[in-house]
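Please keep the sequence and the model in view while reading.

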Amino acid sequence: MKLVIAVIHPVRLKAIKESLRQIEVDRFTICDSQEWVLPGDFVAARRPHELSAQFRRMVNLEIVVNDDFLDRTIAAVSRVSGVIRGEVTNCGVVLVVPLHDAVSFHPLQHGPSAV
């Protein structure tokens, strides 16, 4: 089992939910988050007095999947997360964390069957 954490731009949320639904991943958690970014490029880094950090609204999707769903889940998120208004962007990241166990309370199940 793996925990897939996708940090995405909020305007992509609807498309990613549909992409996940198409591969039969229908249980996940959505959390608002903020990404700390520095404006500009390396020119700004040479002028530290001109730097002003900004927070950009992002969305975290937390998706627990069995190992056989991992590749298709990453593909489903990646397929639509990097395109905003027709432009390829670099906002977003997918993190994969191994899980030792999962417990579902209704009905009570442990391990892969709980996912």
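Does Asp67 count as buried, partly exposed or exposed? In this predicted model, Asp67 counts as partly exposed, because its relative accessibility is 47%, a value that lies between the 20% and 50% limits.

**Salt bridges**

- The side chain of Asp67 forms a salt bridge with that of Lys2, at 3.4 Å from N to O; since Asp67 lies in the loop between β3 and α3 while Lys2 belongs to strand β1, the pair ties together parts that are 65 residues apart in sequence.
- Lys2, the partner of Asp67, also counts as partly exposed, at 22% relative accessibility.
- Arg57 and Asp32 meet through their side chains at 2.8 Å, N to O, and Arg57 is partly exposed at 46% relative accessibility, whereas Asp32 counts as exposed at 59%.
- Glu35 in strand β2 and Arg56 in strand β3 tie together parts that are 21 residues apart in sequence, through a salt bridge of 2.4 Å, N to O.
- Glu35 is partly exposed with a relative accessible area of 25%, and Arg56 is likewise partly exposed, with 31%.

**Nonpolar core**

- The largest nonpolar core has 16 residues, and those with the most contacts inside it include Ile8, Leu61 and Val77.
- At least two residues of this core come from each of β1 (2-8), α1 (13-22), β3 (54-65) and α3 (70-81).
- Beyond its neighbours within four places in sequence, Val77 is in contact with Ala6, Ile8, Ile16, Leu20, Ile63 and Val94.

Definitions and conventions: Residues are numbered from 1 along each chain as its sequence is written. This is a predicted model: local features need pLDDT of at least 70, side-chain atom pairs count only at pLDDT 80 or more; totals for chains, interfaces and linings use all residues. Side-chain values use heavy atoms; hydrogens and water are left out. A nonpolar core is a set of buried Ala, Val, Leu, Ile, Met, Phe, Trp, Tyr and Cys residues joined through side-chain atoms within 4.5 Å. Buried means under 20% relative accessible area, exposed over 50%, partly exposed in between (1.4 Å probe, protein chains only). Helices (H or I, at least four residues) and strands (E, at least two) are DSSP runs, numbered from the N terminus. Contact means heavy atoms within 4.5 Å. A salt bridge is a side-chain nitrogen of Lys or Arg within 4 Å of a carboxyl oxygen of Asp or Glu.
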